[in-house]
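Please take a moment to look at the sequence and the model together before reading on.

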Amino acid sequence: MTPRKTRILTGITTSGTPHLGNYTGAIRPAVAASRAPDAESFYFLADLHALVKVQDPARVQRSTLEIAATWLACGLDPGEVWFYRQSDIPEITELTWMLTCVAGKGILNRAHAYKAAVDRNRADGEDDDAGINAGLFMYPVLMSADILLFNADKVPVGRDQIQHIEMARDFGQRFNHLYGGPAGKQYFRLPEVVIEENVATLPGLDGRKMSKSYDNTIPLFAPRATLRKLIASIVTDSRAPGEPKDADASNVFQLYRAFAGVDETAAMRREFEQGIGWGDAKQQLFERIDSEVAPLRERYETLMAEPHKIERLLRDGAQRLRERHATPLLRELRAAVGLRDLSQAAGGKRKAAAKASTPQFKQYREGDGRFHFKLVDADGALLLQGPGFESAREAGQLVARLRQGAGAGLRAESGAVWLDDEAVGELADGVALEDVTAALSGFADGDA
């Protein structure tokens, strides 16, 4: 078994229509990063966050569908990463409340978005909190829950989001301190911020940064004819064909470079120096962008025509993610804060009931053709996830050894569980080796 992979978590805003700037600056590099073999990547549609600003139900639904289809069309593979909708993970909202109860209000008062809204009100002579909903104020706590629930190691963000990652670290540290007990148990890893310094910023139609707020965007999946028309409207200078042009000062060239390879970019730069006409330059830009976007556009249109498939994919991703990570950790956190089974105080009756309950091994075959097993406790929560085997017999033989040994000889290293020198699985989030051995002992009792 390999050590725990680095967990990288990315939230995807579910508002607006994606444009070329979103694609080159966020979507394309994130999809490329999702293929890193040493990372476990989490990508979620932040539809709960969208409610802070959008109160139009149809728009929230439509935007979530469009954004999901966009990322899938651009190559995000749900079979290789965790891809889910935020609102499908109820543990996120439950953790939000737990963190709310340890978060300092003074810290939230200093959140950039809230302070900016207050400053605007003061400038307009309004009450500080006029028109500000509690969702805006509590936004950093929900974002912290997004991150801490899955114990993300790294969170790629722009510089304007650094403060939110610092808050997540603060809230996680406070929780660990309050509920870690004498042993100083660390329920949460403290996430590291990853600054996206090299994000490509594209110019819009008017030369300013491409942004919906400037109404100067080129939609990523605009029809071919519309794409050609928009590119033709890009603002240029008055230099005529034959006059040398400054490529680095040209919006057309900056857009071209974002889509072209090194050799293509060098060739276009020479054409600028030789005085290419703006019409010809824009035609080459259109052809270069369309050659990359056309197959993505086709996949996007297919996905949008089958929303039930996207819905099924997101629900499946959330269900598997809850079972593997969210539910086990929340069960541990609930116990930590005192939201416990009251019958634990009943002494012998509780012990007798626990003895009567037994864990279960579940064996199944995945889409890759390999055979797997998992150990779950009496409530069905995942404890141990086994590796894949070429045959059901191999998986069954290891399960039999674990049942018979009742946990003897097991050891854990970086979340991986070993039986003597054989890797037998990985611990679920929030699960200790002692939980597995206790379950196996209970299983052995049940067999007896």
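Is N151 buried or exposed? N151 is buried, because its relative accessible area is 9%, where buried means under 20% relative accessible area, exposed over 50%, and partly exposed in between, with a 1.4 Å probe and protein chains only. The model is a predicted one, in which local features need pLDDT of at least 70 and side-chain atom pairs count only at pLDDT 80 or more, while totals for chains, interfaces and linings use all residues. Residues are numbered from 1 along each chain as its sequence is written, and side-chain values use heavy atoms, with hydrogens and water left out.

N151 is found in the loop between α7 (134–148) and β4 (154–157), where helices (H or I, at least four residues) and strands (E, at least two) are DSSP runs numbered from the N terminus. Most residues other than glycine have a negative phi. The phi of N151, however, is near 45 degrees, a positive value, and D215 also has a positive phi, near 55 degrees. D215 lies in another loop, between β5 (192–195) and α9 (224–232), and D215 is exposed, because its relative accessible area is 71%.

From the loops we can turn to a pair of helices. The axes of α1 (residues 20–33) and α12 (residues 278–304) come within 13 Å and cross at roughly 75 degrees; axes here are lines fitted to C-alpha atoms, for helices over the stretch in contact, and angles run from 0 to 180 degrees between N-to-C directions. The contact (heavy atoms within 4.5 Å) is made by L20, Y23 and R28 of α1 together with I289, E292, V293 and L296 of α12. These residues divide into five nonpolar, no polar and two charged, where Ala, Val, Leu, Ile, Met, Phe, Trp, Tyr, Cys and Pro count as nonpolar, Asp, Glu, Lys and Arg as charged, and the others, Gly among them, as polar.

The next feature is a sheet. Strands of a sheet pair through backbone hydrogen bonds, either parallel or antiparallel. Here, an open sheet of six strands has the order β6-β7-β8-β11-β10-β9, with antiparallel pairing, and two strands count as paired if DSSP finds at least two bridges between them. The edge strands are β6 (360–365) and β9, each of which pairs on one side only, and neighbouring strands of this sheet are turned by 30 degrees against each other on average, direction ignored. Six bridges join β6 to the antiparallel strand β7 (residues 371–376), and R365 stands opposite F371 in β7. Helix α13 (residues 307–337) lies across β7, β8 (382–385) and β11 (422–427), and runs at about 140 degrees to β8.

Leaving aside neighbours within four places in sequence, R411 is in contact with A416, V417, W418, D420, D421 and L433.

Finally, consider the whole chain, which has 16 helices and eleven strands. Its C-alpha trace spans about 90 × 60 × 35 Å along the principal axes, and buried residues make up 45% of its 448 residues.
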